[in-house]
Amino acid sequence: MIDAPPDAITIARHDTPIGTALLATDAAGVLRAFNWTDYEPQMLAWLRRRYPQATLEEGAAPRAVELAFAAYFAGDARALEAIAWRAVGTDFQLTVWRALCSIPAGETLSYAALAARIGRPSAIRAVGLANGANPLALVAPCHRVIGANGALTGYGGGLHRKRWLLAHEGARFREAA
């Protein structure tokens with residue numbers, strides 16, 4: 001089934017302990033993108049490129065999405081699993097983003113292990129690039145991917161957020177040297 005592009009995308013702001021989040025949802029309440037207000041221009045440009053026919057409007061997120069984010073930040077590390085999402089990307093990117101969702105809260109995985117998990121063990125760099133292109137950060141939990149040595153590696157929302165998110169979920173990691 002081919003996903004029909006949305007006619008409109010609503011951008012909602014959600015305050016969190018680590019900054020204000022941007023939640024982009026369609027009329028069906030499906031999350032199309034997530035980012036932090038620090039990166040609002042990049043997110044809006046991404047949405048315009050991927051959904052050129054859609055109008056972008058400020059508004060409220062669907063109640064179920066708001067409640068899931070509130071529950072997550074209140075301590076329910078699995079609350080975001082209930083959020084329906086769709087993203088535009090290559091088949092490979094979509095495979096990586098779906099695989100990110102298989103990393104349980106409180107656990108981490110290396111890029112190599114993620115590449116192996118999708119059956120492409122030699123595609124470590126490609127997995128890293130797809131991880132970095134993830135438009136649904138936090139919901140497709142790219143923050144759970146760390147270096148092979150257990151150390152924190154880059155995160156589009158900033159290492160301070162990655163550190164907080166992993167600690168919030170009870171994951172173990174090392175600080176980068």
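Author: Here are some questions and answers about this predicted model.

Reader: In which sense do β1 and β2 pair, parallel or antiparallel?
Author: Let's start with the strands themselves: β1 covers residues 8–16, and β2 covers residues 19–26. The two form a hairpin with 2 residues between them, and T16 has G19 as its bridge partner in β2. Over 8 bridges, their pairing is antiparallel.

Reader: Which residue in β4 is the bridge partner of A8?
Author: Strand β1 also pairs with β4, which spans residues 55–58. This pairing is in the parallel sense and has 4 bridges. Within β4, the partner of A8 is T55.

Reader: Is H14 buried or exposed?
Author: H14 is part of strand β1. Its neighbours in contact, leaving out residues up to four places away in sequence, include L23, F69 and A70. The cut-off for buried is under 20% relative accessible area. H14 has 9%, so H14 is buried.

Reader: Which side chain joins that of H14 in a polar contact of 2.5 Å?
Author: Good one to look for in the 3D view! H14 touches several residues, among them G19, T20, A21 and E66. The side chain in the 2.5 Å polar contact with H14 belongs to E66.

Reader: What is the phi of L138, about how many degrees?
Author: First, find L138 in the loop between α5 (124–132) and β6 (145–146). L138 is buried, with a relative accessible area of 2%. Most residues other than glycine have a negative phi. L138 is not a glycine, yet its phi is positive, at about 85 degrees.

Definitions and conventions: Residues numbered from 1 in each chain as written. Predicted model: local features only at pLDDT ≥ 70, side-chain atom pairs only at ≥ 80, totals over all residues. Heavy atoms only, no water. Buried < 20%, exposed > 50% of the residue type's maximum accessible area, 1.4 Å probe, protein only. Pairing = 2+ DSSP bridges. Polar contact = N/O pair within 3.5 Å; in protein donor to acceptor, adjacent residues only side chain to side chain. Contact = heavy atoms within 4.5 Å.
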